[in-house]
Amino acid sequence: MRVLKPEEIECRLQSFSDKTATFLLYKDVRTDVRVLSETYGDMWKNEYTEINGNIYCTISIWNDQLKAWISRSNVGTESNIEHEKGQASDAMKRAGFMWGIGTELYTAPQIRVDLTDKDIWNGKCTLKLSVKEVEITDDHKIRKLVLVDVWGNIRFSWSLRNEQTSTIASMPSESHELIPTQPCNGSD
């Protein structure tokens, strides 16, 4: 499978304190559908099965040499919103991982970002990040990652060649101050 493009990788807030926030990288089910369709055309299918209240997704790909469907499955977990839909979507994303879609996301560094007063509103972290740049090796490992906020300010920059850095960013008219954070060894 091909590696994910920056616009196919999303950032989700995992936790935050008064000073820092931790984010996770993920893909959505539309990415799985796009990658499967690009790679196999209409020679793939997905099916859902409920077993003991859990939803499993099976992605099957037609193998012309064997003249058979090759299948891989995984189970989903409920989301906080729309439990069944979230569980079905999660099952498809997990089955997509079984086919190699987005496996590089498992090699992401720990993403810890320093927060400003503007990132907290009514006790909640409002910081949204997106992937500006990602470099992925041939063996599907993230080598470089740059995340930006909604104003385009770099809030996280990491490379296997360098240590992790986090940038304090505010509105574009203000200056940026680079503050190094805890080094990351790239195996987190």
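A: Happy to. Let me begin with how elements are named: helices (H or I, at least four residues) and strands (E, at least two) are DSSP runs, numbered from the N terminus. On that basis, the chain has two helices and 13 strands. Please keep in mind that this is a predicted model, in which local features need pLDDT of at least 70 and side-chain atom pairs count only at pLDDT 80 or more, while totals for chains, interfaces and linings use all residues. Residues are numbered from 1 along each chain as its sequence is written, and side-chain values use heavy atoms, with hydrogens and water left out.

Now to the rings. Searching the whole structure turns up two aromatic pairs. One joins Trp62 to Trp69 in an edge-to-face arrangement, with 5.5 Å between the centres and 70 degrees between the planes. (Buried means under 20% relative accessible area, exposed over 50%, and partly exposed in between, with a 1.4 Å probe and protein chains only.)

The other pair is made by Phe97 and Tyr106: these rings are tilted, 4.8 Å centre to centre, with 45 degrees between the planes. Its two partners fall into opposite classes. Phe97 has 19% relative accessibility and so counts as buried, whereas Tyr106, at 60%, counts as exposed.

Each pair also has a lysine over one of its rings. The charged end of Lys45 sits over the ring of Trp69, 4.5 Å from the ring centre, and that of Lys27 sits over the ring of Phe97 at 4.2 Å from the centre. Here "over" requires NZ of Lys or CZ of Arg within 6 Å of the ring centre and within 35 degrees of the ring normal.

Next, the surroundings of the tryptophans. Ala68 belongs to strand β5 (residues 68–75) and is partly exposed because its relative accessible area is 28%. Leaving aside residues up to four places away in sequence, Ala68 touches Ile61, Trp62 and Asn63. (Contact means heavy atoms within 4.5 Å.)

Thr107 counts as buried because its relative accessibility is 19%. The backbone oxygen of Glu104 lies 2.7 Å from a polar atom of the Thr107 side chain. Although they are 33 residues apart along the chain, Thr107 and His140 have C-alpha atoms separated by 8.2 Å. His140 lies in the loop between β9 and β10, is buried because its relative accessibility is 18%, and has a phi near 65 degrees, a positive value in a residue other than glycine.

The largest nonpolar core holds 34 residues, of which Leu25, Leu145 and Leu147 touch the most other members. Such a core is a set of buried Ala, Val, Leu, Ile, Met, Phe, Trp, Tyr and Cys residues joined through side-chain atoms within 4.5 Å. Elements that each supply at least two residues of this core include β2 (20–26), α1 (29–40), β4 (54–63), α2 (83–98) and β10 (142–148). The largest share, four residues, comes from α2. In soluble globular proteins, nonpolar side chains tend to be buried together.

Leu145 shows how residues from several places meet: beyond four places in sequence, its contacts include Leu25, Pro109, Ile111, Val131 and Phe156. Over in helix α1 you will find Thr31, which is buried because its relative accessible area is 2%. Thr31 touches Leu4 and Glu8, again not counting residues up to four places away.

Finally, the chain as a whole. Of its 188 residues, 39% are buried. Among contacts with a separation of 6 or more, 47% join residues 24 or more positions apart.

Technical notes
Rings of Phe, Tyr and Trp (its six-membered ring) pair if their centres lie within 6.5 Å; planes under 30 degrees apart count as stacked, over 60 as edge-to-face and the rest as tilted. A polar contact is a pair of N or O atoms within 3.5 Å; within protein, one must be able to donate a hydrogen and the other to accept it, and residues adjacent in sequence count only if both atoms are side-chain atoms.
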